[in-house]
Structure formats: C-alpha cells, structure tokens
Amino acid sequence: MKRIISILIENKPGALARVVGLFHQRGYNIETLNVGPVFDGSYSRMTVTTRGSENDVEQITKQINKIIDVIKVSDLTEGEHHEYEFILVKFIHNEKIQKILKKLNGKIHEKDKNAIVMSAWGTSSNIEIAIKAIGKANLLEIVRSGSIGLHEGEKVLKI
Amino acid sequence: MKLSGGDLLLRALREEGVKFIFGYPGGAALHIYDSIFKQKACDHILVRHEQGATHAADGYSRATGKPGVALVTSGPGATNAITGLATAYMDSVPLIVISGQVQSHLIGTDSFQETDMIGISRPIVKHSFIVQDTKDIPKIIQEAFHIATTGRPGPVVIDIPKDKTDPTKLYEYKKPKEVSLRSYQPRVLPHPGQIKKACKNILSAERPVIYAGGGVILGNAHKELIALNKLLKAPVTNTLMGLGVYPAKDKYFMGMLGMHGTYQANMAMHNADVIIAVGARFDDRITNTPSLFAPNARIIHIDVDPASISKIINADIPIVGQVKESLNALINEIKRSKIKIDTEALESWNQQVAQWRQKHGLDHELYLQKTKSQMILPQVVVQELYHATNGNAWVTSDVGQHQMFVAQYYHFNKPRRWVNSGGLGTMGFGLPAAMGVKLAFPKDEVVCVTGEGSIQMCIQELSTCLQYNLPIKIININNEALGMVRQWQDMNYGGRHSASTYSDSLPNFVKLAESYGHIGMKVTKKAELKKTLEKAFSMKDRLVFVDVYVDPNEHVYPMLVAPNGSMKDMWIKKNVKA
C-alpha cells in the first residue's frame, strides 16, 4: 500500500542524507521525495512516499524518529489528508497532450514554433494516469515535484 | 583566557570527566595532539592500530558505563575506526570517536588522507557532527556526550577539519548550561496504563519467563530486576549481552538463551504463557524462526527504544521507557495489586524447568568429566578459569566457539563483568577491550579469552600493553582452526573445511608474547591446565599469554536447529536432536 510520510527535520548539513540513507539501510524504497525549508527556515518539511504494509510503515516512522535531527514524523495515510503533485512537461505541439494536461489544472508557460512547456497539478494518482496517457510520442521532457501533503481538518504537523 | 580549537576540545573533554583518550596521531589531528601534550587531565593511550583504539574505548565504556573516547586522524585513521564504531553501534555502547579531517578548503578535492568520515560512518552511529565553527567545539562535545549516553546509548562521531584547531586562532570557551535539543527528547517514564496492563498479565501468568538483555546493564537496572524477581520467583534467562545482570548463582537463573543457550532456557521460552522482555531486542540469534517463536506467550516488552518494540516479534504490551524507571513502576504496581500469584502453578512451572535442566542442562554434560582423552576440552578451560579467578574476573572475549563457551561456563554474577561483541561479532575485539577495562579497574583481574584466529586480528596491541603496563591475562583457546566456521562446515557442508584451517602456519604464541616483552605459557595436557592457570594468575604484574591447545573436534551445544526451527528445536550434542 502507498504511504505518505511527512517529516519535520532540522535544516542542517547532512540531515537529508540521514533520512534518505535510512530507507536504503532498512530495505525500503522511496518512490517520491520532496523537501524544502519552512517557517523560519531553521527546519525543513519532507514528504516521502513509499510502499509497505502497516508494520513496515510503523517500523519506518519509528526509525526515522530515532534520527537525532528529526523533530516530528507523521504518516499522512493513517487518516484523511490532502495530497497533490506538480509536474512540468515539455512536448512537441500536440493536441492530445495539451488536452490531458488542461484537465489537470494545466497552464502554458512557453510556446514556440516547435515546443510547448506546460505545468499541471493534481493528486498523484491522477498525475500517474496522465503520464501514462501522454505516452512517449511527442514528449521531450517531464519532471515531477513528488507528492506533498497535509492532514485534513484540525490535525497539524508543526513545532 | 582565549583558547585554540585543540585546547577548547581538551577542556570540554575534561569537563565531561574523560580520563583516557585512546588514539593514534596523524597529520589532520596534530594540532589536537599538541593540545594533549600541554595538559594533564586526560591520559593519552597510544594504540598500534585505530581499530584497537575504538575497541579499547568501547571496553572502557562497557565496564564503567561512562563514554570511552577514541581519537584518530583523517583518511585511513578514520576508516580504521569504522569496525569499532559498528561494534559499539550494534551493542548500544556510548563511544565518542573524534576524527581529524583535512582543512576545510580542501574538503571535496580528493586531498591527501581525505575521506568522507561523516558519510562512511552515517549508518553505524547514533549521531555525528562536523565542526564548522571552532567556537562551537565545547557545545558540540557537550551535545555528543549527551546523545551518546541518554535514551538508547550509541556511538557519536565528531569530525574536525584541521583548520578548526589552528593554534594561532583563539576563542572564548563558551557552552550552554545544559543541553537542549528540540528534536531529541528520549522517553524516561513508562505509560502508567501499560504498567497496569503488564502487572495484570504477569500476576495471572502460570508459566512466566523473564528474558533480560543488555539494556538492563546499559540502564543500570540490575538491582531493580533482582527486586522484581524477589516478588515473582519466575525463571530468568539472560541474552549474551545481558549475562551478569541477573546473578548466575541464583536458583531461578536458567543461563543464556538462544542459538547456543541452555536447553532449559530455550524450552522455557518456547512454553511460556507470559514473556517479560526487558532491554532485549528479539534478535535473530534468540528467536530462531520468528513465526514459530513462543506460540502461546503474551509478550510484555520494556525498552527505551520504541523502534526495538514489535520489530521482529509483536509485543502485546509495549512499554517504552528507561528500564530502571519502568521496572520500579512495575514493582510498585505489583505490590499494590490485589491479584494473587498462582503459587501452585508457578511452583510446578519451576519444577518443569528443573527437570529440563536435569535432562539436558550444561551441568549435566557429564562427559566433560568422564572423558578419558588426554586432550583438554575447551569448556573445561573456562571452568578452570572460573575457579582460578573465583568467578570474579572481568572477562572480555573475541568471537566464535570460545565466546560461547565463556557465555555458557563462566557464571557471571555481576553486570558489566562480561565484555564481548554480541551484535556485530567482531573478531579482534577482546584484547583491546581488555586494555580499556584494565585501565578502568587496574587492581582487578582482567582476562581476555580468545582463540588463535581472533587474537591475530588485533595482536599488535600486545605492544600497547607493554608501554602502559597493563598486566591482563590472555587465555588462548587454541584448536588450530576457525572453530565456529569449522563447526558449521561439519554440520552443514559435509565436513568440507573450506579456508578454516591453518595448523601448520600458526605462530609460536609463547615466543610471540615474549618478543613483545610479556610472558608466554603453553599447555597441551589436561594435567597441566590447572597448575598453569594458577601460575599465570600468580604473576600479578605481568601480562601472561596462556596458549591452551584443546580438542579440535569439540562443537558448541546446545545449538538451535535452523532453518525453520523453533526455540524448542535444538541439537543437544553431535547427531542428537532434543
């Protein structure tokens, strides 16, 4: 099962590597990874998506929590949550691709004789479907931000 | 007064109560070594290989409970410290390794003796620091010691680029009054609701077992463990790392459990209805096949590390907290409780354990006494060692058959007396670890039980022992082969001894000890064993290397049957399954 884990971590050199390394050390895979400083910039928020059973994820979150630089860990998939992903796509003029991306809040950022650069965002599962539908033909480049997410309702992950 | 980075470091170490620094100098650490020369609070012990420095500091730490400190230079100095770090990490030992690093502006340029120590050591440390600003050194040392010693202890690396200890750049010595880390607040007190649940389960148990590990030693909670069992009177087993935490002479003690645990301990675990796991982590050398583990037991698991709970075996009642505080809470709850222990059920359970002990227990290995062979049995060496030292020695070991024989036959009655690499299984650990113990307790008997394979992995430290006058005793259980490897080859590989023998190329250990300025003794006959050991231990001021040739065909039993076995499935002796 797909899991979305949110992590608040000290914004210190090497801190990211400790989290990423841990997944490898403990035999788990990272599917997507997003990280950036938040609030006063003294700490960062990471969102990692992975696959595993409930036991696996419990072990992962416990092990991440043990990293000294990690302030808080939360498994968003434990409850209701918001989850989105952002993509940028460069492609040769093509109606089909434009149509697919338009459905996902698509926006054109650059257009010349040969190519178009568009952005789009949506839930990761919709992004996945779109990427499959786009296929390889006419596609030049694609980049994904990785999932980001928040708990629904009053629950907040914060220091 | 303003100080250089090196002087800041030494003052910070002194304020943490550091008495010894085990180390080896080199380019990137030279400013620090100059600071060492100018002070008197910390003695520097010059080892002969950085692996020795880490194991010696580790041994010091295991024996005293205080963090041991190792100092190495960059590059090869740092990489040589890696095995020692991994050893300490696996056994949760608070070890501080300070590594010199090339100058900041050279980092990342493949400069001479440069290696990414922080990167290499990342998976085998509790935490690591790189000094980016010299004035932070006192604060970093303070935090490093705090992190190493609190919660689940572990090793910490501090990497110091050479320019950060430049003797011409001076700073004020400043550090906060106390450590405060928003991201690190290990839990101390257990959850009262969980303690209540545990108490109810324990008191209504008919076949309880206490399974106590190294965490009880690390948490200094052996008195609480004994107090708990004064109330419960349940059979107790210790892990390899926990030996000594419950007195071996106590009638409720069943010996070690697991791979080479006693018959009664493994049978009791398998048949228990409640297992009280204290500071133990259900390691694969304990559980055998996890799905077959203790099929009828409810598991109560006390540990300071939440990640150790339900990692391998699901805990029915997890208790996260310091062992001492958790046991005290449990004891108080039991005293308050109105539930009466079913003494009749418990009595018959203890009798069942006694029967198992009678049937296949180690004390009943009568063949040890009966054998007519003139060859010395390795188990008998350990028994004789126990008598020669009145069971009072600090014993370190290396890894393999000799390690298991000590665990089985040297009956430890006090915590910390047994110093061995249980988690990582590091050959070469025993001799340097014994140096650390001897420095901590110079008046006590310190013995390194080793094998002719392991001892050759850190033998260079015999020179360190001469330089600092460390009269430890080395008992080399010599079976002229890598004994445990050969045992597995006998049992699982049709007796094909692939790369496990070297009998025609072993050194003359007596001459080798003598060439290092020590005393060497060789024993080959049973009749000489006792006398030789007595003679060795009578030489209080000398390091004595006793090379004991033993029966090379002896295996370690019991041994859990694997794969697909449970804890009740054991080889009791050659070709005999229980």
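Two residues are taken to be in contact if their C-beta atoms, placed from the backbone, lie within 7 Å. The model described here is predicted.

Chain B is assigned three stretches: domain 1 (5-165), domain 2 (192-360) and domain 3 (374-550). The C-alpha centres of domain 1 and domain 3 of chain B are 29 Å apart. Across this pair, 23 residues of domain 1 of chain B are in contact with 27 residues of domain 3 of chain B. On the domain 1 side, β2, α3 and α5 of chain B each contribute at least two residues. Helix α3(B) gives the most to that side, with 11 residues. By class, the domain 1 side that touches domain 3 of chain B holds 10 nonpolar, 9 polar and 4 charged residues.

Two of these elements also meet each other. The axes of helix α3 (residues 50-64) and helix α5 (residues 82-90) of chain B come within 7 Å. They cross at roughly 25°. Angles under 35 degrees count as roughly parallel, and α3(B) and α5(B) are therefore roughly parallel to each other. From α3(B), the contact draws on Gln51(B), Thr54(B), His55(B) and Asp58(B). Their counterparts in α5(B) are Thr83(B), Gly84(B), Leu85(B), Thr87(B) and Ala88(B). The residues of this helix contact divide into 2 nonpolar, 6 polar and 1 charged.

Chain B has an open sheet of 6 strands, in the order β2-β1-β3-β4-β6-β5, with parallel pairing. Its edge strands are β2 (43-46) and β5 (127-130) of chain B, and each pairs on one side only. Neighbouring strands of the sheet are turned by 20° against each other on average, direction ignored. Within the sheet, β4 (residues 95-101) and β6 (residues 156-161) of chain B pair in the parallel sense over 6 bridges. In this pair, Gly100(B) stands opposite Ile160(B) of β6(B).

The contact between chains was examined next. Chain A provides 15 residues and chain B provides 11 residues. On the side of chain A that touches chain B, the elements giving two or more residues are α1 (15-25), α2 (54-66) and β4 (70-75) of chain A. The residues of that side divide into 5 nonpolar, 5 polar and 5 charged.

Definitions and conventions. Residues numbered from 1 in each chain as written. Chains lettered and ligands numbered in written order. Predicted model: local features only at pLDDT ≥ 70, side-chain atom pairs only at ≥ 80, totals over all residues. Axes fitted to C-alpha atoms, helices over the stretch in contact; angles between N-to-C directions. Helix = DSSP H or I, 4+ residues; strand = E, 2+ residues; numbered from the N terminus. Parallel < 35°, antiparallel > 145°, perpendicular 65-115°, else oblique. Nonpolar A, V, L, I, M, F, W, Y, C, P; charged D, E, K, R; others polar. Pairing = 2+ DSSP bridges. Domains from an automatic or database assignment.
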